[in-house]
Amino acid sequence: MLVVMRIALIAAAVLGCGGDNQGAGVDSPVDVPEDPVSIRVTRQSVPLAGLSVVFHRADGTLVDTLATDSDGRAAAVTGPNGSVTAFTTFASDPDIKTFLGVQPGDELVIDGSTNATTPMTTYKVRVVPVAGAVFYRVSVRCLVGTGEQVAPAGNPIELSVTTTCLAPTETLVVALDGVGFPIESILGAAATPTENGVVDLTNEAPVTAETAMLTIANAGQGGMLESSRASGQTQFLAEVDAGTNGTHPTVFPDLDGATQTVAVTGQRPVFVWGAATSTQPIDVAGTQVAVVEDPSIDRATRVVAWTGGADANFAFGQLSVEATGRGLWSFVGPITPGTSNLTLPALADLPIDAATRIGLEVGVGRAEGGPSAQEVLDELRRDGGWLDANNGLQARQRTLFESRRTTGSLGLSFATATISF
């Protein structure tokens, strides 16, 4: 997933006093241009051209409708708290994605996942065998149908990989002992998989393993501990464990510059992410967001509402709209803590006031940490991973295992409803 950053555009203005205007003594007002909001739409980093993008101001006024260029980009001036909506082709039904509460200078990114038409590529990864290894696990950006493999005979050995990667990806091979713990890893530079090709890692220096002590406090019943380390586009997912209170030794590849994400999942999952570390405490109760319930939508005003979630600072969700046809509409945006609603823009291509049935999913979250909570929140709300209509809301929490620019934490709460009219 691409990490998105605010663009800092500096406007230089020359202010002059009226030389012939005796006694005025006041600088003349100068109009400073507003920074545009930009968006880039890709699938696995491959640009998607010709997609329709709609820009609105905060009051709902239509600014412009543009097509993405050859690099998947479009930009317009919306002013503060506007919205940007992209009509994508990631799902079989019309698939609409809206960023709410955008700010001047925002750079939004939607990087779509694979779908049923994405081709699969099968190839080999070549490595030097690791002493004591019984299994090998290969990680690339978009692995499909390839799990742990018993090491074949030979030196070097070749591991079969099947992916749907459309763009270059790093390759991480983890050598595992008989109980599934990493012994050593090999990390290769980004390469584009080719059918029946070979990615040769025999000259790459091995990476040793490190045991990280993950300590959970104030966890409820039934949660699961999930953790990962990532380097570039590759990711090592550690073994899933019961999310019980106490210390959980977890073995990771000791990758230079890696990021680390730890989640305690369940009905109210929490995430903590940042630079890789050998010790990491997770206070579940202190990170959780208040429960959200009773989602609803007013078709005429396009107001999505819910109860609870009083300490949340952003919301996201999806409408599955049935009228003469079916459409998917995903959204994400910041909210003021204590707020329990948001308004979607008016879209002529999806008139939800004529819907006969709407499946509504709403999630709220509280982002904290980093240099400021606002910086963490800004990164999340500009990340189109929340908007992938190929996944349900709870599956979208996997987005948080991607590399993050800021160190922080997030608590989530979800609610769903099916409404007939």
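What is the volume of the second largest pocket? In this predicted model, the second largest pocket has a volume of about 350 Å³.

## Pocket lining

The lining of the second largest pocket is made up of 21 residues. Ala58, Asn81, Leu100, Gly101 and Thr343 are the ones that lie nearest the centre of the pocket. Two or more lining residues come from each of strand E6 (82–88), strand E7 (95–102) and strand E28 (341–343). E28 gives the largest share, three residues.

Sorted by class, the lining of this pocket holds 10 polar, eight nonpolar and three charged residues.

## Aromatic pairs

A pair of aromatic rings is described by two values, the distance of the centres and the angle of the planes. The model has three aromatic pairs. In one of them, Phe314 and Phe316 are stacked, with 5.8 Å from centre to centre and 20° between the planes. This pair counts as stacked because its planes are under 30 degrees apart. Phe314 and Phe316 are both buried.

Phe316 also pairs with Phe414, and this pair is edge-to-face, at 6.2 Å centre to centre and with 90° between the planes. Phe316 belongs to strand E26 (residues 314–322) and Phe414 to strand E30 (residues 408–420), so the pair links distant parts of the chain, 98 residues apart. Phe414 is buried, as is Phe316. Through these ring pairs, Phe314, Phe316 and Phe414 are linked into a cluster.

## A charge over a ring

Another ring, that of Phe421, has the charged end of Arg299 over it. The distance from this charged end to the ring centre is 4.0 Å.

## Nonpolar cores

The largest nonpolar core contains 33 residues. Within this core, the residues with the most contacts are Ile39, Phe314, Leu380, Trp386, Leu410 and Leu412.

## Backbone features in loops

Most residues other than glycine have a negative phi, and most peptide bonds are trans. Asn81 has a positive phi, near 60°. Asn81 is in the loop between strand E5 (73–76) and E6, and is one of the residues that lie nearest the centre of the second largest pocket. Asn81 counts as partly exposed because its relative accessibility is 45%. A positive phi is also found at Asn196, with a value near 65°. The loop that holds Asn196 runs between strand E14 (182–191) and strand E15 (198–200). With 66% relative accessibility, Asn196 counts as exposed.

Between Asn155 and Pro156 the peptide bond is cis, and its omega is near 5°. Pro156 is located in the loop between strand E11 (149–150) and strand E12 (157–163).

Is Gly50 buried or exposed? Gly50 counts as exposed because its relative accessibility is 55%, and the cut-off for exposed is over 50%. This glycine is placed in the loop between strand E2 (46–47) and strand E3 (52–56). Gly50 and Ala74 are 24 residues apart along the chain, and their C-alpha atoms are separated by 9.9 Å.

Conventions
Residues are numbered from 1 along each chain as its sequence is written. This is a predicted model: local features need pLDDT of at least 70, side-chain atom pairs count only at pLDDT 80 or more; totals for chains, interfaces and linings use all residues. Side-chain values use heavy atoms; hydrogens and water are left out. Rings of Phe, Tyr and Trp (its six-membered ring) pair if their centres lie within 6.5 Å; planes under 30 degrees apart count as stacked, over 60 as edge-to-face and the rest as tilted. Buried means under 20% relative accessible area, exposed over 50%, partly exposed in between (1.4 Å probe, protein chains only). Helices (H or I, at least four residues) and strands (E, at least two) are DSSP runs, numbered from the N terminus. A charge sits over a ring if NZ of Lys or CZ of Arg is within 6 Å of the ring centre and within 35 degrees of the ring normal. On a 1 Å grid over the protein atoms alone, a cavity is a set of points where a 1.4 Å probe fits but cannot get out, and a pocket is an open set with protein on both sides within 12 Å along at least five of seven lines; lining residues have an atom within 4 Å of a point. Grid points are joined across faces, edges and corners, and a volume is the space filled by probe spheres set on the points. Ala, Val, Leu, Ile, Met, Phe, Trp, Tyr, Cys and Pro count as nonpolar, Asp, Glu, Lys and Arg as charged, and the others, Gly among them, as polar. A nonpolar core is a set of buried Ala, Val, Leu, Ile, Met, Phe, Trp, Tyr and Cys residues joined through side-chain atoms within 4.5 Å.
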